[in-house]
Amino acid sequence: MKKIIFDNIKTLFYALIIALIIRIFLFQPFYIPSSSMEPNLLIGDRLFVTKYSYGYSRHSFPFSPSNYNKRLFKKNPKRGDVIVFKTPADDRTDYIKRLIGLPGDTIQFVDGSFFLNNVKVERKKVLSSIVINCGSETLDVNFFEEKIDNINYIVAYRKKGTLLNTDKFIVPPDHYFFMGDNRDCSKDSRFLNSVGYVHFNNLLGKAKLIFFSNDVNKGYFIKFWRWNKSIRFDRFFKIIK
């Protein structure tokens, strides 16, 4: 009996070590709690982030050890990547946004148009008068297909009251500028006092794949009798672009 108990404990220990290694170095699951990345990521989406995409910083490890300030096996992210990072304000909260500005880039909104390095970013309207979420509110928006560095993605801009003009943001060395795809419902790098420019070491990984999705407004996962209404089967194993 003692041998059986010992073998079970040993198996559990090895399983925990393997799970920890996978979580630290390969893949980490994340949950989408807000609507800031609609229409591409919805509240209730669960996704895998690849931890190896940009190398490893202190935030790659449990409890973010403060005595480690380098990045191992670093790889530079690309504009358009959807990335999970630790917010500079507290180095603890996880945010997920789209990478827009690289070190040295300038970003500005002028009369509602988005300029990157003084060039107006190409965008094409694809849907009009769509209602999407913004916390407990709903917004009447237009969907646009936006294009940077030959990468196309869909963004939402409020029909009335959208952000028209900003100062010019200049991204510092070793930092990045992020925005949510739900442009008028996203706290991101445009808010310098709360998010602002994000240091390279704060990047956790690249969002790659939605593996599960549940519409919490129609029922939680434990309410299995409502799965036919709440689970978004069409989002399972969807590649994030």
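Predicted model: local features only at pLDDT ≥ 70, side-chain atom pairs only at ≥ 80, totals over all residues.

Biologist: What joins Cys134 to Cys185?

Modeller: Look at the sulfur atoms, which sit 2.2 Å apart, S to S. The cut-off for a bonded pair is 2.5 Å. The link has 95° about the S-S bond and is right-handed. A search of the whole structure finds 1 such link, and what joins Cys134 to Cys185 is a disulfide.

Biologist: How many residues apart in sequence are the parts that this pair ties together?

Modeller: Cys134 belongs to strand S8 (residues 122-134). Cys185 is in the loop between strand S12 (175-179) and strand S13 (198-199). So the pair ties together parts whose separation in sequence is 51 residues.

Biologist: Now Arg71, which is a charged residue. Is Arg71 buried or exposed?

Modeller: Arg71 lies in the loop between strand S2 (45-50) and strand S3 (82-86). Its contacts, leaving out residues up to four places away in sequence, include Tyr54, Tyr56, Phe200 and Leu203. Arg71 has a relative accessible area of 10%, and the cut-off is under 20%, so Arg71 is buried.

Biologist: How far apart in space are Arg71 and Val126?

Modeller: In sequence, Arg71 and Val126 are 55 residues apart. In space, going C-alpha to C-alpha, the distance between Arg71 and Val126 is 40 Å.

Biologist: Let's turn to the largest pocket. Which element gives the largest share of its lining?

Modeller: The largest pocket has a volume of about 260 Å³, and 15 residues line it. Pro33, Ser34, Asp94, Tyr95 and Ile96 lie nearest its centre. Two or more lining residues come from each of strand S1 (27-31) and strand S4 (94-101). The largest share, 4 residues, comes from S4.

Biologist: And which class do 9 of the lining residues of the largest pocket belong to?

Modeller: Sort the lining by class: 3 residues are polar and 3 are charged. The other class, with 9 residues, is nonpolar.

Key
Residues numbered from 1 in each chain as written. Heavy atoms only, no water. 1 Å grid on protein atoms, 1.4 Å probe; cavity = no way out; pocket = protein on both sides within 12 Å on 5 of 7 lines; lining within 4 Å. Points joined across faces, edges and corners; volume = space filled by probe spheres on them. Buried < 20%, exposed > 50% of the residue type's maximum accessible area, 1.4 Å probe, protein only. Contact = heavy atoms within 4.5 Å.
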